[in-house]
Amino acid sequence: MDTDRKLPEGVADITESDCALKNKIEASIARALDSFGYNEIQTPTFEYLSVFSDDMAAEREDIIKFIDTSGRIMALRPDYTPSISRFTALHKSEADLPLRLRYRGSIFRGGESFGARQKEFTQAGAELIGDPSPEADAEVICATIEALLQAGLSEFQLELGHPGFLKGLIAGKLSEADFAALVGLLDKKAVPEIEDFCAEAGVDKELSALLCRIPLLYGNAEIAEDMLGRGLGDECEAALRNLLEVCYAIEDCGYGRFISVDLGLVRSFDYYTGVMFKGLTHNMAFPICGGGRYDGLSGRFGGSFPSTGTAIWPDRVMAAISRGSGRVEYPETDVLVWYNNNEERAAAHALALRERQKGKRVICEKHDFRSDDEVCRYLSAHHILSASKAEKGGRQ
């Protein structure tokens, strides 16, 4: 068949070199999150559709669904956070809080909702459950920064925002449909279109001028401090104070140079309830990480615990590292043990076993090399550092 050698749209093979780098990145992220006290759990690759889609995420078109043998609607995991909330409600109690959990695995999304056209991604992340404080938000963000550093990135920035700022500005002034349209324009930072939208929606001139400035309100914490003194209303001021508290806590932890404030940051306003963030690096078009506070999600599973979390996408981190430093080769093999005939096979494998027990990567193969040059060419072609022949007593 014509499809036998092709892949479905949205998925990809990972070569040996990329897989080696990806494994290294994932292990580094896991170590970093572990160093902050986060314990790993695993949740199913697929669950009931209702875990991922209800009133908070109605009509999610990016969810890949299927019917099981009993006729129930299932969904491949589009995100880990709902699964973590379900896990917590099912397995934990108030006595376990605050709870620090981490995870890594594949997520699946249809369409182009996640940027580009990929449908399968690796996601690694952490959730801090049961702590409503700004320090909890700061901890998650600091752990994210440390994970990216340990993964091998050095030039990146986490942009911090708060949904309460825009909600406070717009409260009661726009319909839900108009608010959603405005969010889309802010996401694109399309200032002329925002100006046209405000005129068509009947937004007063003062608010229109401020909305047109929002895409430009990014930089250090002084951006939020300046807006705090403008009398924008209780909801706006509460959001700005919360954002600043998190920024100050991150600075006190020593990670201040990796964060910036973006008051025009828009993500899922129905999902995030507090400080939210996304991570960018200069040679990637899409975010490499993102997260924030989502205190309302646990109610879907019978809980009432405040939560904040982060998601890191190793595939994108890998792409950023590869673009910055060139192609990374897969690990070389330490030793080739070879033998000429079946009589030498047992001795060869015994020698290979001894080398593996020393922690070396060893290939054991049957060969009839005609010269030392032939051996050297073989080693070079297959990324092998040295060779041993069994009949010569394992001499390197």
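These legends go with close-up views of one protein chain.

The model is predicted: local features need pLDDT of at least 70, side-chain atom pairs count only at pLDDT 80 or more, and totals for chains, interfaces and linings use all residues. Residues are numbered from 1 along each chain as its sequence is written, and side-chain values use heavy atoms, with hydrogens and water left out.

**View 1. The protein chain has 13 helices and 15 strands.** Helices (H or I, at least four residues) and strands (E, at least two) are DSSP runs, numbered from the N terminus. The C-alpha atoms fill a box of roughly 90 × 50 × 50 Å, taken along the principal axes. Of the 396 residues, 48% are buried. Buried means under 20% relative accessible area (1.4 Å probe, protein chains only). Take contacts between residues at least 6 apart in sequence: 69% of them join residues at least 24 apart. A contact means heavy atoms within 4.5 Å.

**View 2. Strand 12 (residues 307-312) is largely enclosed by the rest of the structure, because six of its six residues are buried.** In a regular strand the side chains alternate between the two faces of the sheet. Both faces of strand 12 are covered. Ser307, Gly309 and Ala311 are buried on one side, and Thr308, Thr310 and Ile312 are buried on the other.

**View 3. Strand 12 pairs with strand 6 and with strand 11.** Two strands pair if DSSP finds at least two bridges between them. Strands 6 and 12 run antiparallel, joined by six bridges. Ile129 has Ser307 of strand 12 as its bridge partner. Strand 11 (residues 289-293) also pairs with strand 12 in the antiparallel sense, over five bridges. Here Gly290 has Ala311 of strand 12 as its bridge partner.

**View 4. The second largest pocket has a volume of about 450 Å³.** On a 1 Å grid over the protein atoms alone, a pocket is an open set of points where a 1.4 Å probe fits, with protein on both sides within 12 Å along at least five of seven lines. Its volume is the space filled by probe spheres set on the points, which are joined across faces, edges and corners. Lining residues have an atom within 4 Å of a point. There are 23 of them here, and the closest to the pocket centre are Ala12, Gln118, Glu120, Asp315 and Met318.

**View 5. Helix 11 gives the most to the lining of the second largest pocket, with five residues.** The elements giving two or more residues are helix 1 (16-35), strand 6 (120-129) and helix 11 (314-325).

Note on methods. Buried < 20%, exposed > 50% of the residue type's maximum accessible area, 1.4 Å probe, protein only.
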